[in-house]
Structure formats: C-alpha cells, structure tokens
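Please work through each task before reading its solution.

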Amino acid sequence: MIKQAIIPLAGLGTRLLPLTSVFAKELLPINGKPGIEYILDECIEAGIKEVIFIISQKKIMIKKYFYNDKFYKDIIKRKKDPRILKEYKKILKYKKMIKFVFQDKPLGTGDAVLKTQKFIKDKYFLMLLPDDLIANQNCSKSMIAIHKKFNTSVMASMKVNKNDVSRWGIYSIKKKINDKNFIIKSVVEKPTIKKSPSNNAVIGRYILPKKIFNKLAKLKPSKGGEIHITDAIQSLINDNDKFIGHNFSGKYLDCGTMKGYINSTLEIAKI
C-alpha cells in the first residue's frame, strides 16, 4: 500500500502576488480553511500515514503554522473556547504526520522530489501538487486503488483546452484500458500547440516509483532552467516502465492563479 506522500511547497507563488509577497499561498484561506489542509485531508482519507513537505526558508511560515503550540496553549488557557481547542487538536493531528525538507534554490519539481529521497521507504509513493484541488471525489484514493490493481505508477489526467496545452505536461496514449484509464506512451512538459501530442494533461497527483530518484539525480536543468519530473518519468517509460493515466472523477480547481483561487472559494462554498 501507498503510505507516504510528498508535497512540494517551495514555490514563490508569483501568480498570486501581491498576496504572496508576505504570505505563503498554501496557507491562504479557501472558504475559511487553509488550502494545504484540503490536501492533507485528502491524504488522510486515502490512507496516507506520513507526509513530507518540501519548503524553502522563504516559506518557513508553513512550518510555524504547524508548530505554534505556545500560542494555542496560552489562548486556550485564557479563553477556554471549544472552537479554538478543536482547531488546535486538528493541527496536532496533522503535525504528527508531517516531516519537512528544504529546497532553497528554485530548481523545479524534479529537484524538489529528489530532496525527499532519504525519507522514502517503500517501492512507490504519492505526490500531490497543492495548487490543484479536486473537489467532490478523493483522487488520491482512486489512484491508489488503481495502483493496487495493476502494481504500477499512476498519474491523474484531465482534458484541457487545446489552446492551453503549453501550461501543462501533456500525455500521448499508448492504449486505453477502459473509459477512465489508459497506458501512457509519452509525456512532454509544456509543449507548443503545434507539437502537443494530445490535450490530455497531467494534473497534480502522481504515484511514482522509488527508482525515479536515480533518474532525477542524472537530469540536467531543461525548460526554464528547472529539473522537470516529467523528464524523469519519460526516461522511465523509455525503460519500459508502465505508467497509467487516470481520468479522475471530481471537480478540478486551479488555486495557483488569482482567478482560480477566487473561483475555488466560491466552488467549495457550494459543497
């Protein structure tokens, strides 16, 4: 079973400026609850026991959010407010699950994943990108079920507008398994519209094999001067490793832009 998850959190969140000039985007409230807590709740419901946060020194407030015990103890002692006590107990539950590693140079998601190598114990692990919320259905849980059935890597997929393919990693399909799942032939990071193999995009949920660390360690920076996880995945596919694309159920919410962040609050408020 998949028991560990990693969550890259070191990005600067420039698309949400000016809010992120002083505040970590993952702590911004979405319908009154920090965005990162939706991701943690998804992990818990999917059976994850340990979560590794990759942060930078500029995002140290994320760690402080989970380690602010003195503040809570003092205020609970003074106010005896059951709501505050409930919130503190929830944060303590999260804290027991979380480990922190640091990525202080912005070298991409692939480099962030590589920072977690010494903590990963099992053959496969889950990775979630915090900008991508999936409401109504637990995407990680359904992907873990597919992994259990096929004993292989799984990545979330969604069809996007053909004019937007350059925002995403894009799949080409080798073979359909059923209406929800397919075997991936290749994946390319942010292709041009003309060179895009499809409009099947990688969404921020991955079940990856531990051996991807060997590929990441050998990669050189590519587009944007970053090390891309998609390059390591493609290298594994070239070695005949199987990756399944999963067309998830649930509503995708993009929290990484100002428009998407505002819309996410409105959509979650309806649930």
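**Exercise 1.** Determine which parts the salt bridge between the side chains of Glu50 and Lys99 ties together.

*Solution.* Step 1: the side chains of Glu50 and Lys99 form a salt bridge with an N to O distance of 2.6 Å; the term denotes a side-chain nitrogen of Lys or Arg within 4 Å of a carboxyl oxygen of Asp or Glu. This is a predicted model, in which local features need pLDDT of at least 70, side-chain atom pairs count only at pLDDT 80 or more, and totals for chains, interfaces and linings use all residues. Residues are numbered from 1 along each chain as its sequence is written, and side-chain values use heavy atoms, without hydrogens and water.

Step 1: Glu50 belongs to strand 4 (residues 50-55) and Lys99 to strand 5 (residues 98-102), so the pair ties together parts 49 residues apart in sequence. Helices (H or I, at least four residues) and strands (E, at least two) are DSSP runs, numbered from the N terminus.

Step 2: Glu50 is buried, at 11% relative accessible area, whereas Lys99 is partly exposed at 32%. Buried means under 20% relative accessible area, exposed over 50%, and partly exposed in between (1.4 Å probe, protein chains only).

**Exercise 2.** Locate the salt bridge of Lys90 and Glu87 in the secondary structure.

*Solution.* Step 1: the closest N and O atoms of Lys90 and Glu87 are 2.9 Å apart. Step 2: both residues lie in helix 4 (residues 82-97), three residues apart, about one turn of the helix. Step 3: Lys90 is partly exposed at 22%, and Glu87 is partly exposed at 27%.
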